[in-house]
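Hi,

Here is the structure I said I would pass on. Have a look at it first, and then read my notes below.

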Amino acid sequence: MISQPSRHCTVELQALPSRIGQVRRIVSAQLRYWHLDPLIDQAALGVTELLTNVHRHAEPDKVCTVEIELLLDRLMVSVHDHDPRLPQLRDAEPFATCGRGLAMVAAVSESWGVRPQGDAGKIVWFALPAPSPAVALPAYPVYGAVEHAPARSAVVG
């Protein structure tokens, strides 16, 4: 059996509020390109929450790498930062304005976790089930391509 090759995209950035919105748009565009439109909202929300955590909590810097990879039937999204401290899932108070990020990631994803990288920091990841190729969306036309109507024969009279 021949399997579909993996698809991979990496973005390195400073986790600043203006950049978080840009990365959200990059992730959305990449998923559209891969014909994974049904996953855009969940992936964009998850990556926004993880990047917001880097912005608010990571030390010594805000440099991080966002990675999205399609592996057969799973979309893996991860954020690697240089802070070795591991995040913890918390119960936020009903009217709290922060503290729900990982709970939201857990709610929209199939699974999530943290991989310590020693002095190099950590990777926080989540997985989303991808539609099977049999139910994948049809291919989009190439940008700028012109659809041609079927040729008609001319009747000479």
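β1 and β2 pair in the antiparallel sense, with eight bridges between them (two strands count as paired if DSSP finds at least two bridges between them). Within that pair, E12 sits opposite T65 of β2. Before I go on, please keep in mind that this is a predicted model, where local features need pLDDT of at least 70, side-chain atom pairs count only at pLDDT 80 or more, and totals for chains, interfaces and linings use all residues. Residues are numbered from 1 along each chain as its sequence is written, and side-chain values use heavy atoms, with hydrogens and water left out.

Now the rest of the sheet. β2 and β3 also run antiparallel and are joined by eight bridges, and here T65 turns up again, with H80 in β3 as its bridge partner. These two strands make a hairpin with two residues between them, and L72 in the turn has a positive phi of about 55°. Next along, β3 pairs with β5, antiparallel again and over eight bridges, with D81 opposite K122 in β5. Finally, β4 and β5 are antiparallel and joined by six bridges, and G113 faces W125 of β5. They form a hairpin too, with five residues between them, and G118 in that turn has a positive phi of about 60°.

Put together, the five strands give an open sheet in the order β1-β2-β3-β5-β4, with antiparallel pairing. β1 and β4 (111-116) are at the edges and have a single partner strand each, so one side of each is left without a neighbour in the sheet. From one strand to the next, the twist averages 15° (axes are lines fitted to C-alpha atoms, for helices over the stretch in contact, and angles run from 0 to 180 degrees between N-to-C directions).

What else is there besides the strands? The protein has three helices and five strands, which follow the pattern β-α-α-β-β-α-β-β along the sequence. Helices (H or I, at least four residues) and strands (E, at least two) are DSSP runs, numbered from the N terminus. α1 lies across β1, β2 and β3 and runs at about 170° to β1. α2 lies across β1, β2, β3 and β5, at about 170° to β5. "Contact", by the way, means heavy atoms within 4.5 Å. Among contacts between residues at least 6 apart in sequence, 63% join residues at least 24 apart.

On to the inside. Of the 157 residues, 31% are buried (buried means under 20% relative accessible area, exposed over 50%, partly exposed in between, using a 1.4 Å probe and protein chains only). The largest nonpolar core has 31 residues, and L31, W34, L51, L75 and V79 have the most contacts inside it. A nonpolar core here is a set of buried Ala, Val, Leu, Ile, Met, Phe, Trp, Tyr and Cys residues joined through side-chain atoms within 4.5 Å. At least two of its residues come from each of β1 (7-14), α1 (17-33), α2 (40-57), β2 (63-71), β3 (74-81), α3 (101-108) and β5 (122-129). α2 gives the most, with six residues.

Which residues does V79 touch? Apart from neighbours within four places in sequence, V79 is in contact with V47, L50, L51, V54, C64, T65, V66, K122, I123 and V124.

With neighbours within four places left aside, the contacts of S78 are T65, V66, E67, I123, V124 and W125.

A quick word on cysteines: C9 is buried at 14% relative accessibility, and C64 is buried at 1%. The structure has zero disulfides (a disulfide being a pair of cysteine sulfur atoms within 2.5 Å).

R7 is partly exposed, at 26% relative accessibility. R7 and E69 are 62 residues apart along the chain, but their C-alpha atoms are separated by 5.5 Å. Not counting residues up to four places away in sequence, R7 touches W34, I68, E69 and L70.

Cheers
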